[in-house]
Amino acid sequence: MKMVLTAFIGNASFCSIFQSLAAFFKTNLPYILAGISVGGQYALIAIGYTMVYGILRLVNFAHGDVFMTAGLICFYLSLVTPLYVSLPLTAAFTVLLGFTIEKVAYKPLRDAPRTSAMISALGMSYLIQNLALYITGGLSKQYPQIPFISRSVTIAGATTKMVTIITPPLVIILVAALVALIKYTKIGMAMRSVADDFDTSRLMGIKIDKVISMTFIIGTFLASIGSMLYFTNYTAIVPTSGAMPGLKAFVAAVFGGIGSIPGAVIGAFIIGICENIIKGLGWTTFSDAFTFALLIMVLIFMPSGLFGEKKTDKV
Amino acid sequence: MDKKKQIIISIVLIIALFAGLWITERLVGTNSMLIVVLKKAVIYALLVASINLLQGFSGLFSLGEAGFMLLGAYTYAIFTIPEAVKGNVYQYYNGGLIHVNLPVWLALILGGLVAAFFAFLIGFVVLKLKSDYLAIATLGFAEILRAVFQWDALGGITNGSNILRSFPGFKSVLYPFVVVGLCMTAMMLLINSSYGRAYKAIRDDEIAAEAMGINLFKTKLQAFVISSFFAGIGGGLLAMYQLTVKASTFTSGLSDELLLIAVIGGIGSMTGSVIASFLYVAANEWWLRFLDQPAFIGTFQVPLLRSGFRKVVFSVIIMVIVLFYQQGLMGTREFSIVGIYEKLTGLKKKKKVKASGGGTEK
Amino acid sequence: MSESALRLDNITMQFGGVTAVDSFSMNVDKGEIVALIGPNGAGKTTAFNCITGVYTPTNGAVYLFDKKIVANHPKGKALKTYGGTSRDFEKDIIVQSPDKITKLGIARTFQNIRLFKNETVFDNVLVAKHMRAHQNVVTAMLRLNFREEERMRRETADLLHMQDLYQYKDEIADSLPYGLQRRLEIARALATDPKVLLLDEPAAGMNPNETAELSEFIRKIKDEYNLSILLIEHHMDFVNQIADRIYVLDFGKKIAEGTPDEINDNPAVIEAYLGVDDNA
Amino acid sequence: MKKLFSLILICALALSFVSCGGGNKDEKVIYIGVNEPATGESGAGGKQETLGIQYANVVAPTVTINGEEYQVKLVIVDNETDTAKCPSVAQTLVSANCCVVLGAYGSALCIAAGPTFEAAGIPCIGISCTNPQVTLGNSYYFRICFLDTFQGKVLADYAYETLGARNIYCLAELGDDYSVGLVNYFCEEFKKLGGNITASETYPLGTSDFSSYIANAKKFNSDCFFAPINIEPAALVIEQSNAQGLGMPLLAGDTWDSNVIATAATGTNLEIAFSTFFYSGANDKTKEFTKGFQDWLKANPDKLTDNGGNDAVAAVSPLGYDSYFVALEAIKLANSADPKAINDALWNVKYTGVTGEVAFDKNGDVDKDAIFMVGIDTATGAFKFITEQGASD
């Protein structure tokens with residue numbers, strides 16, 4: 001009797017949970033869509049953070065600003081060239097920027113204490129933002145309309161831009177390609193070994209500088225793709241546009257387990273969706289604070305994140 | 001030079017400094033740029049020194065300074081806005097909930113204590129984390145604090161996201177100098193005490209410090225709380241200087257700026273922090289302002305000069321210091337009367353600098 | 001029967017699947033100098049770290065003058081993967097951080113010297129006095145603790161005099177020659193007023209002359225400070241000179257114990273240890 | 001390297017002193033401070049307001065005091081749309097010996113800078129800061145535009161009567177005195193009329209993702225979206241409303257009178273209306289100003305760039321223009337360059353500018369009863385005049 005009752009209750013509650021879940025999805029579809037879209041864009045930035053941290057143990061604070069710069073480069077290029085030229089050129093220039101930043105700001109500090117490199121990253125971020133401010137004259141720039149992906153579409157009653165739908169599959173394809181690169185190519189192997197043990201890899205004759213440059217190149221390339229998707233949705237570029245997405249992407253990387261690429265991607269999607277649902281619930285003041293609260297929780301209770309490896313310091 | 005002589009000279013110099021300030025203020029007027037810069041710089045000096053206490057003397061990399069400044073500034077403002085104008089300030093919240101008015105000095109100290117208390121709570125949670133994670137976590141807490149202070153539900157206390165104003169400021173430049181002077185003295189006495197040695201031990205080698213019986217967590221928490229106390233007082237002073245307080249201005253960018261000033265001065269040098277603060281504020285607010293204005297030499301327009309150029313120049317200088325002069329202006333040295341006296345009189349014994357000891361192997 | 005100063009009871013330390021120390025028991029009597037030897041990776045330093053609280057052992061207990069100061073037993077997942085030979089589980093759980101252990105009277109030095117490199121010799125030793133000073137932040141800030149401060153400085157100066165280091169008191173620790181750095185590290189450990197001193201390879205990198213000096217020095221401080229000493233060492237000459245008794249670890253397990261003479265003749269030791277190390 | 005670096009630094013400092021020390025002392029000069037944002041969220045609006053002042057300075061470059069002709073020089077400092085920078089900007093103006101200060105664009109910026117000017121005893125003339133708190137309790141702050149209490153009422157009337165809206169969603173920037181205040185007054189009035197506020201939300205500074213707010217407005221079945229926010233975020237709201245198919249009119253306050261907004265709205269399918277201070281086709285005086293101002297812009301390419309690249313006249317430009325003349329009137333009336341005297345004189349200034357009559361009441365506000373409702377033709381991006389409303393309805 002008791003069993004039947006519990007089964008019945010269980011069933012009923014299951015049904016009602018399912019129903020309310022469905023209702024929740026229906027009313028919150030716009031938020032979830034926005035969350036998935038922005039999450040995918042965070043993911044592309046987060047990969048840059050997680051790879052650099054995995055190898056250099058450095059929080060590359062300037063990464064979010066590189067992302068913003070990619071937007072500005074595209075804006076200025078689109079003034080003089082057609083989009084099919086300016087988009088690839090944007091990616092190329094952004095990669096060049098990332099490469100240069102590593103050579104100028106991080107390489108000289110490779111043997112310095114870790115905080116020095118981090119301060120250098122902060123300084124670099126400050127420099128990029130101020131340069132952007134100087135060049136743009138402090139006014140926002142309108143991101144060019146990229147045909148097709150800036151078109152409006154309607155799914156299940158929610159209207160959004162095409163880019164929202166394109167982002168998740170594109171992210172998955174890019175990540176799959178990246179994972180394949182890391183798994184099967186020689187440079188990928190070198191990256192893994194450097195991430196595992198920096199000094200030993202150096203002794204084993206791996207060209208550390210090449211590996212690090214490659215990491216920055218991949219990271220900034222993905223960030224430039226991310227910027228194309230992101231600024232298509234949020235079209236105004238100001239010098240501080242990269243700061244918040246950058247920090248959130250970093251949180252995503254920590255959440256997913258720093259050093260883990262799939263972790264960063266999943267973390268980014270979770271953060272994107274949660275953030276938008278929180279706004280949907282009317283807690284808009286706390287949408288940014290939520291990200292940081294999540295970060296602190298993860299750091300304290302799950303320091304290695306969702307997929308990260310545990311590491312113990314040796315005395 | 002014996003101790004007595006040192007103390008006498010110090011006192012004479014301090015009196016001379018204050019007398020000099022008093023006369024300068026009379027001569028150039030309270031509203032002159034010089035006095036304005038001095039006011040702001042001395043407050044920055046305290047804030048940067050409090051960062052240095054953490055970063056330079058305890059090895060704790062925190063990016064949460066702005067959060068503790070916010071606590072200090074708000075506490076000061078909330079408890080000193082006169083009853084008569086509360087209705088105006090708290091226009092959307094029926095004149096606010098707090099109807100206690102404290103004297104200025106008490107409100108400043110209370111601001112420090114509130115910041116210290118929150119540092120205690122936050123430190124409990126984050127101080128187990130290592131360098132860069134600690135930095136990110138403190139940054140996160142500062143951002144959370146900022147969001148909480150802008151929350152409507154607390155509007156009766158914090159005035160929600162709206163500005164707080166109409167509280168007393170200071171007229172004379174002597175006021176911030178006295179307060180900051182007292183705080184800096186306390187900090188200097190602390191870092192030269194047994195506790196300061198314990199902080200430095202942790203900074204240099206946590207494991208060895210533990211083996212010396214120094215409790216890592218307790219000592220770090222102590223340094224964090226003390227630093228935040230001074231950050232809170234600095235925040236209160238900044239409120240007095242600005243005459244308005246608003247949560248949205250205490251961003252992580254502010255913490256970064258202060259940290260970079262500390263780097264310019266030299267991580268691990270209090271006097272370096274002070275000198276760097278004065279240079280930074282003076283250059284930023286005064287000397288380098290001309291970089292933002294288009295200028296002409298005859299009919300030739302100087303290139304590059306326009307709005308925003310000052311900041312570019314600044315960030316380039318900072319990057320040069322970070323990359324090529326990691327020691328900053330002072331390194332870990334302190335600028336002292338004794339040092340100068342000895343240098344002048346040639347009394348200083350030549351100290352051996354890192355003798356390349358034979359058979360050193362590690 | 002002599003009094004036990006330090007006793008390890010069934011200490012097991014496991015990292016994941018690797019058992020670094022396996023059910024290791026040993027004893028140091030009061031006033032004794034005991035050496036712990038074994039090939040590289042035998043688990044000697046790990047045993048030290050278990051005693052000093054850097055690691056919490058997976059199982060076992062540590063006694064200081066018969067008072068239990070560290071104890072643990074595996075539970076949950078650790079129990080399932082437990083790989084120690086002895087399944088004699090300790091009942092209590094006592095976990096103390098390294099600073100507490102130091103306060104209880106166990107001081108140590110490190111295999112790779114860990115001085116406060118940029119501080120002076122004097123300050124390096126003075127730091128160790130912080131732990132036992134009667135003061136708080138406020139009194140220190142207001143200099144109300146000047147008597148304590150004076151006492152700490154006096155004691156530090158005395159200690160440096162006794163260790164013949166006083167002449168170097170204003171030198172930066174990092175600038176001292178290697179041998180002096182070793183001595184300074186020991187002096188710093190002594191400044192914590194220990195009852196038991198743990199030395200991790202004190203003679204590493206020393207030539208025979210220096211080694212002889214060092215063994216003199218260790219005997220001297222043992223008598224002066226009424227210490228019991230446990231040391232890890234590779235130099236068999238040095239160990240034979242100095243140790244009253246020797247324990248031998250190999251792959252985390254104790255394979256022999258006894259006087260230097262007994263150990264030198266022990267075939268198992270010769271096979272496991274002396275056979276692979278050319279220091280012998 | 002080290003030496004070279006120090007050398008450069010020393011040179012830079014030396015140069016700064018030289019540049020500070022310049023200027024002919026014999027010339028009779030009077031300084032008017034301009035506290036406006038040139039960068040940041042309100043940068044576009046601030047620049048347009050400054051343009052109005054600069055144009056006025058071109059039109060009337062001198063003022064006569066005691067029979068002597070004084071050159072009027074503008075001291076323009078960028079406050080970066082950052083309330084934290086305002087006090088130091090104010091200090092800069094104070095120590096530059098400005099006898100009167102014009103600005104700023106946003107209320108928050110004025111409120112943040114106000115106490116510093118008050119402490120220094122220098123009068124300020126607010127230009128487009130509409131929040132009542134700017135002048136309240138500060139005897140040195142004046143303003144030449146209408147107040148949010150009035151603007152809120154007009155907007156509420158317009159929403160209720162003309163748009164027929166009953167359920168309104170409001171969006172403001174967290175901590176921005178202007179938008180929070182205007183939303184507040186608007187809501188009060190709208191509720192009085194019998195309307196319903198579905199939600200009143202705020203977004204933090206620097207937000208670029210407004211999709212959730214737009215989704216919220218739709219979720220609550222609102223029939224009008226009230227967003228009296230700064231220009232930069234407003235452009236994003238327009239863009240994302242269009243992408244998400246907002247399906248209700250967008251209503252806003254005077255900040256939206258900007259060609260940035262017009263550009264953002266071009267080619268969308270939105271209905272946009274906002275209230276503003278000025279409409280160029282209102283009368284002969286405004287037409288004359290518009291023509292003169294546009295000619296001046298065209299003659300100075302860098303000014304045209306500051307105006308956003310075209311010659312559309314934003315309402316803040318004529319307001320800035322008027323504020324300059326009000327300041328000159330006060331200086332003439334005081335017959336002195338002493339800030340205190342100018343402050344006393346300001347209470348008695350009567351001036352008719354292109355945006356209407358200026359005469360200050362006991363708070364230092366003007367009683368302007370004309371407000372223009374303007375919409376945007378989304379096909380061409382041109383402003384279209386809807387109606388002129390007064391307080392009388």
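## A four-stranded sheet in chain C

Let's start with an open sheet in chain C, where 4 strands line up in the order 2-1-4-5 with antiparallel pairing. Strands here are DSSP runs of E with at least two residues, helices are runs of H or I with at least four, and both are numbered from the N terminus. Two strands pair if DSSP finds at least two bridges between them. At the edges sit strand 2 (18–29) and strand 5 (67–72) of chain C, each pairing on one side only. From one strand to the next, the twist averages 15 degrees.

This is a predicted model: local features need pLDDT of at least 70 and side-chain atom pairs count only at pLDDT 80 or more, while totals for chains, interfaces and linings use all residues. Residues are numbered from 1 along each chain as its sequence is written, and chains are lettered from A and ligands numbered from 1 in the order in which they are written.

Strand 1 (residues 4–15) and strand 4 (residues 59–64) of chain C run antiparallel and are joined by 5 bridges. Across this pair, Arg7(C) stands opposite Tyr63(C). Helix 1 (residues 44–52) of chain C packs on the sheet and touches strands 1, 2, 4 and 5 of chain C. Its direction makes about 65 degrees with that of strand 2 of chain C. (Angles run from 0 to 180 degrees between N-to-C directions, with axes fitted to C-alpha atoms, for helices over the stretch in contact.)

Tyr247(C) stands opposite Glu257(C) of strand 10.

## Two helices meet in chain B

Now over to chain B, which has 15 helices and 4 strands. The axes of helix 12 (residues 252–265) and helix 13 (residues 270–287) of chain B come within 7 Å and cross at roughly 115 degrees. On the helix 12 side, the contact (C-beta atoms, placed from the backbone, within 7 Å) is made by Ile261(B), Ala262(B), Ile264(B) and Gly265(B). Helix 13 of chain B brings residues including Gly272(B), Ile275(B) and Tyr280(B).

## Chain B as a whole

The C-alpha atoms of chain B fill a box of roughly 75 × 65 × 45 Å along the principal axes. Among contacts in chain B between residues at least 6 apart in sequence, 80% join residues at least 24 apart.
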